[in-house]
Amino acid sequence: MEKMDAVILGASGLVGQRFCQMLSNHPYFNITGLYGGSASDGKRLSDVLKLPEYCISQSELLSERIDHLDIGKVRRLDPDIVFSALPNDLAKDAELELASHSIPVFTNASANRMREDVPLVVPEVNSECLDIVTGKDGYIVANGNCSSIGLALSLKPLVKFGVRDVNVTTFQAASGAGYPGIPSMDIMDNIVPYIQDEEEKIVKEIPKMFGSLEAGKVKNSDITVNPTCVRVPVRDSHLEVVRVTVDRDVTPEEISDAYMNFRSVPQEMQLPSAPVKPVILRNEENRPQPYLDSMAGSPDRARGMAATVGRVQISGRIIRYVTLSHNTIRGAAGGSVLNAELMFKKGMV
Ligand SMILES: NC(=O)c1ccc[n+]([C@@H]2O[C@H](COP(=O)([O-])OP(=O)(O)OC[C@H]3O[C@@H](n4cnc5c(N)ncnc54)[C@H](OP(=O)(O)O)[C@@H]3O)[C@@H](O)[C@H]2O)c1
C-alpha cells in the first residue's frame, strides 16, 4: 500500500508533538508538513520540543521546520490527510475549510465535535459511525475530549449489562491544559476543582459516542453522565473514579471476564496503533496510577493507547472502578491516528 502524505496542524503543541511521535516511521502515513503559530514560526521541531527526544523515532523529523499556519497554503499543498491539534477557536473554520476542499481532517479540537456530519469516534466503541463520511472526499472525523475517551473505553465492555447512569470524578493531568498550560504556582502543591467546559463536554459526548447510527445520523444513547472534573499536579494521564448503574445485578466474575476478553475492531484489523488489549484490568489494590500505568499498551507503537481499569467493586447493579488513560496519546493524537488507520485499512480515506 502506498503511504499517504499527512500534515500536522498545531505541530509545536503538546498534542501536535504526540502526532509527530505516533506518525514517526508510520507504515501508512508520511509526514510532509508541520504547521504552528507565531511562537514556533520557522523553528525546527527540536527547538520547541515538549516531549523527551527519544519519543520521535524518525530522527530527521526533529530538524523539520514548522511553518506559520496559512490554511490557503495547506489547501494548495493538497495533502492526502490532515491531523489537527489546533486550539478550538481556530479549528472550527480552518477544519471546515479544508474539508470543503476535499481534504480529510482528523481532529482533536472540540469545535466541530458535535456537528451532525462529524463522526465522534473511539474506534473500539463506535467505529460504525465512520459510515457518516463514507463516500465523501473531504470531511472531519473527531476525537472526543480526553476524559470522555478514557471513560468510553472503560464503559464499552459494560454495555452488555445495560449501562444507565454514570457518575464520574476525574483527576486530570496538567498537560490536559496544553502548553504552557496552568501557571506552575497555581498547580504545584495544589488541586483545582474546576476545569472550564470539561464537565459539559463529557455530558454531551458520551451519549453521542454510545448512540446508534440510524439513516446516516447518530441517535444519542440515553446514558446519563454526571461528571466532576478536577485538575491535579500530575504531568500526563487522567485518572477517573467511576460509579455505573447497570440494568441487573452483576457478579465480579462477569465484570472481570467482560474487561479481560474485550477486543474490538482495531484489534481484529490489527491496526498499527491498536493496543492488543484496549482495556487492561489490574487486580492490585493500588492500581492504576499515572506514574505506573500511563504508557500501558503493547506493541511499542500502541504504548499509551490502553486504558487501565482497577479497584473494581460490585454491589448488586452498581459497579465502581478507577480507570486511567493517557490524555495526549489515547485521549488525543493516538485516538486520531487510530481513526485514520482504520479508515486507511478499510480503503475509506
Ligand atoms: N492536551 C490535551 O490533553 C488534549 C486532549 C484532547 C484534546 N485536546 C485539544 O487538542 C488541541 C491542541 O491542544 P494542545 O494541548 O496540544 O495545545 P497547545 O500545547 O497549546 O498547542 C497549541 C498548538 O496550536 C498552535 N497555535 C496557537 N495559536 C495559533 C495560531 N493563531 N495559528 C496557528 N497555530 C496556532 C500552537 O503553535 P505555537 O506553539 O507556535 O503557539 C501549538 O502548535 C486543542 O484543541 C485541545 O483542546 C488537547
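Predicted model: local features only at pLDDT ≥ 70, side-chain atom pairs only at ≥ 80, totals over all residues.
Q: Which residue does a cis peptide bond join to proline 180?
A: Proline 180 lies in the loop between strand E7 (163-172) and helix H6 (184-187). Omega is about 0° for the bond in question. The partner in that cis peptide bond is tyrosine 179.

Q: What loop holds proline 299?
A: Here's another cis peptide bond to look at, joining serine 298 and proline 299, with omega about 0°. Proline 299 belongs to the loop between helix H10 (290-293) and strand E13 (307-315).

Q: How far from an oxygen atom of the ligand is a backbone N or O atom of tyrosine 179?
A: Tyrosine 179 is back again, having turned up in the cis bond to proline 180. This time a backbone N or O atom is the one to watch, and its distance from a ligand oxygen is 2.9 Å.

Q: How much of the ligand's accessible area does the protein cover?
A: The ligand sits in the largest pocket, and 28 residues surround it, with Ser12, Val15, Gly37, Ser40 and Leu86 the closest. On its own, the ligand has 910 Å² of accessible area, and the protein's share of cover is 80%.

Q: Which elements give two or more residues to the shell around the ligand?
A: By class, that shell has 13 nonpolar, 15 polar and no charged residues. The elements giving two or more residues are all helices: helix H1 (14-23), helix H3 (88-100) and helix H11 (329-345).

Q: Which strands are the edge strands of the open sheet?
A: Six strands run in the order E3-E2-E1-E4-E5-E6, with parallel pairing. An edge strand here pairs on one side only, and that picks out strand E3 (67-68) and strand E6 (139-142).

Q: Which residue in E5 stands opposite valine 82?
A: Strand E4 (residues 81-84) and strand E5 (residues 104-107) run parallel, joined by three bridges. Across from valine 82, the residue in E5 is valine 105.

Conventions. Residues numbered from 1 in each chain as written. Heavy atoms only, no water. Pairing = 2+ DSSP bridges. Helix = DSSP H or I, 4+ residues; strand = E, 2+ residues; numbered from the N terminus. Near = heavy atom within 4 Å. Polar contact = N/O pair within 3.5 Å; in protein donor to acceptor, adjacent residues only side chain to side chain. Areas by Shrake-Rupley, 256 points an atom, 1.4 Å probe, with all protein chains shown as cover. 1 Å grid on protein atoms, 1.4 Å probe; cavity = no way out; pocket = protein on both sides within 12 Å on 5 of 7 lines; lining within 4 Å. Sits in = over half its atoms within 2 Å of the grid points. Nonpolar A, V, L, I, M, F, W, Y, C, P; charged D, E, K, R; others polar.
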